[in-house]
Each structure stands twice: as C-alpha cells, then as structure tokens.
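Colleague: Please take a close look at one part of this model for me. I would like to hear about its aromatic rings and what surrounds them.

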Amino acid sequence: MINMSITVKVSDEILKAIPTINDDTIQCLIELGAKQMRIEEALVIFKEGKISIWHASKIAGLPLREMITHASAHGFKPFFDEDMITEELR
C-alpha cells in the first residue's frame with residue numbers, strides 16, 4: 001500500500017454524482033479507474049491483433065465472457081477460428 005498526498009481537480013458535475021467524499025470513496029474510485037484502464041489497455045492490444053480475446057481477458061482480469069461483452073460494447077467483433085479455439089483450450 002502506498003500513502004501519498006496529492007491534489008486532484010474534479011468538476012462540480014462529477015462531484016454531484018458522488019454521494020459522499022471520504023477515504024473509502026476515493027479508494028473505490030481509484031480501484032475502479034485502475035480496473036477500467038486494464039480493460040481499455042487489453043482492448044487496444046486486442047484491436048491491434050496482437051492477442052486473442054482470451055488473452056485480453058487475462059490482462060484485464062476478467063472472465064472471458066465479460067471481456068467479450070466489453071469488446072462488443074466497443075464495437076469489436078471477437079474473431080474465433082478452429083486453430084484459436086484449440087490453442088486457447090490447451
């Protein structure tokens with residue numbers, strides 16, 4: 001765990017959406033942001049064709065089914081062929 005003191009500017013609009021601001025809320029926001037960043041990173045690498053959707057799910061720390069949902073929400077159509085399925089099942 002890292003303890004640090006930083007200043008973050010947050011718009012009034014975003015602050016209105018957060019019911020209470022305390023240490024737990026801030027920690028939760030950071031964790032949610034970090035998780036979303038891992039998902040986005042995995043989707044970028046997947047889109048570049050460097051990894052399979054299964055590998056992207058491992059990078060993102062998500063079950064494959066959930067990663068496919070994220071990919072679809074971003075307009076990606078996960079490609080599966082027989083060789084990929086065989087490789088992923090090893």
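Modeller: This predicted model holds one aromatic pair. Its members are Phe46 and Phe76. Two values describe such a pair: the distance of the centres and the angle of the planes.

Now place the two rings. Phe46 belongs to helix α2, which covers residues 23-47. Phe76 sits in the loop between α4 (64-73) and α5 (82-89). The two are 30 residues apart, so the pair links distant parts of the chain.

The cut-off for buried is under 20%.

Next, the neighbours. Leaving out residues up to four places away in sequence, Phe76 touches Leu43, Phe46, Lys47 and Ala71.

Step back to the wider setting. Phe46 and Phe76 are both in the largest nonpolar core, which has 12 residues in all. Other members include Ile39, Leu43, Ile53, Met67 and Ala71. Helices α2, α3 and α4 each give two or more residues to this core. The largest share, four residues, comes from α2.

One more residue is worth a look. Ser57 lies in helix α3 (residues 53-60). Ser57 is buried, at 1% relative accessibility. Beyond residues up to four places away in sequence, Ser57 touches Leu62, Pro63, Leu64 and Met67. Among these, Leu62 and Met67 are members of the largest nonpolar core.

Conventions
Residues numbered from 1 in each chain as written. Predicted model: local features only at pLDDT ≥ 70, side-chain atom pairs only at ≥ 80, totals over all residues. Heavy atoms only, no water. Phe/Tyr/Trp six-rings, centres within 6.5 Å; stacked < 30°, edge-to-face > 60°. Buried < 20%, exposed > 50% of the residue type's maximum accessible area, 1.4 Å probe, protein only. Contact = heavy atoms within 4.5 Å. Core = buried A, V, L, I, M, F, W, Y, C linked by side-chain atoms within 4.5 Å.
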